[in-house]
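Please examine the structure shown below before reading on. The paragraphs that follow lead through it step by step.

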Amino acid sequence: MSRRVVVLDYGSGNLRSAERALARVGADVTVTADFDAALEADGLVVPGVGAFAACMEGLKSVRGDQIVGRRLSGGRPVLGICVGMQILFGKGVEHGVHTEGCGEWPGTVERLDAPVLPHMGWNTVTAPEGSVLFHGLDEATRFYFVHSYGVREWLLQTGDGFRAPLVTWAEHGVPFVAAVENGPLMATQFHPEKSGDAGARLLSNWLTTL
């Protein structure tokens, strides 16, 4: 049985390419800003392209921050992509402007310290043992990135009785967070919908969690 997935339409992101990529791996996909549909779907994808502040403004305009919070409180899966991952963190800093994010994870999205920006093109990642998203993908696999900002330090501390999130890293000038797997909340800095067969495998792996 195919899983019902909503790609949240809040005015930012490669909505149709995400829709096509998810349909390719067998999901029943709807692109919508409808609050109830986004809450009730088996999985929610939050895309994002552009500036952190603009994406947060768009997300709040459709109550997307509330949708994400409610889904997670009920253990319902959410996948953030690119800036859709970045806005899950505490704040973003762009051109001296500080913008509050969703705060699901502590941390700051900031400009990468690299000789060439944006970081655009194919890059490898270093995934931790036990990763669900990267299951079946070897360390030489490349994913497609387009960004100038990222999370350079993972700050979330976990105590006894709590499983630590699985954090995947990549490097462009400096190391940065390339993906996170934290129970029902997962996210990638790269674009799986633009990453060919590797991205399709990752999305297929995500669908197994729904």
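This is a predicted model: local features need pLDDT of at least 70, side-chain atom pairs count only at pLDDT 80 or more; totals for chains, interfaces and linings use all residues.

In describing how two elements are oriented, angles of 65 to 115 degrees between them count as roughly perpendicular.

Consider first the chain as a whole. The protein chain contains 6 helices and 13 strands. Its radius of gyration is 16 Å, close to the 17 Å that the globule rule gives for 210 residues, so the chain is as compact as a globular protein of that length. Taken along the principal axes, the box filled by the C-alpha atoms is roughly 45 × 40 × 35 Å.

The next topic is the packing of helices. Two packed helices are described by the angle between their axes and the distance between the axes. What are these values for helix H1 (residues 15-24) and helix H6 (residues 196-207)? Their axes come within 9 Å and cross at roughly 70 degrees. H1 and H6 are therefore roughly perpendicular to each other. On the side of H1, the residues that take part in the contact are Ala21, Leu22 and Arg24; in H6 they meet Gly196, Asp197, Ala200, Leu203 and Trp206. Sorted by class, this contact of H1 with H6 has 5 nonpolar, 1 polar and 2 charged residues.

Attention now turns to empty space inside the protein. Rolling a probe the size of a water molecule over the atoms shows where empty space is left. How many cavities of 30 Å³ or more does the count give? The count comes to 1 cavity, and the volume of the largest cavity is about 40 Å³. Its lining consists of Gly13, Asn14, Ala18, Pro47, Gly48, Ile81, Cys82, His191 and Glu193. These lining residues divide into 4 nonpolar, 4 polar and 1 charged.

Leu117 and Pro118 are joined by a cis peptide bond, with omega about 5 degrees. Pro118 lies in the loop between strand S7 (105-111) and strand S8 (119-124). Arg63, although not a glycine, has a positive phi of about 60 degrees. The place of Arg63 is in the loop that runs between helix H3 (52-61) and helix H4 (64-73).

Key
Residues are numbered from 1 along each chain as its sequence is written. Side-chain values use heavy atoms; hydrogens and water are left out. On a 1 Å grid over the protein atoms alone, a cavity is a set of points where a 1.4 Å probe fits but cannot get out, and a pocket is an open set with protein on both sides within 12 Å along at least five of seven lines; lining residues have an atom within 4 Å of a point. Grid points are joined across faces, edges and corners, and a volume is the space filled by probe spheres set on the points. Ala, Val, Leu, Ile, Met, Phe, Trp, Tyr, Cys and Pro count as nonpolar, Asp, Glu, Lys and Arg as charged, and the others, Gly among them, as polar. Axes are lines fitted to C-alpha atoms, for helices over the stretch in contact, and angles run from 0 to 180 degrees between N-to-C directions. Helices (H or I, at least four residues) and strands (E, at least two) are DSSP runs, numbered from the N terminus. Angles under 35 degrees count as roughly parallel, over 145 as roughly antiparallel, 65 to 115 as roughly perpendicular and the rest as oblique. Contact means heavy atoms within 4.5 Å. The radius of gyration is taken over C-alpha atoms; the globule rule is 2.2 Å times the number of residues to the power 0.38.
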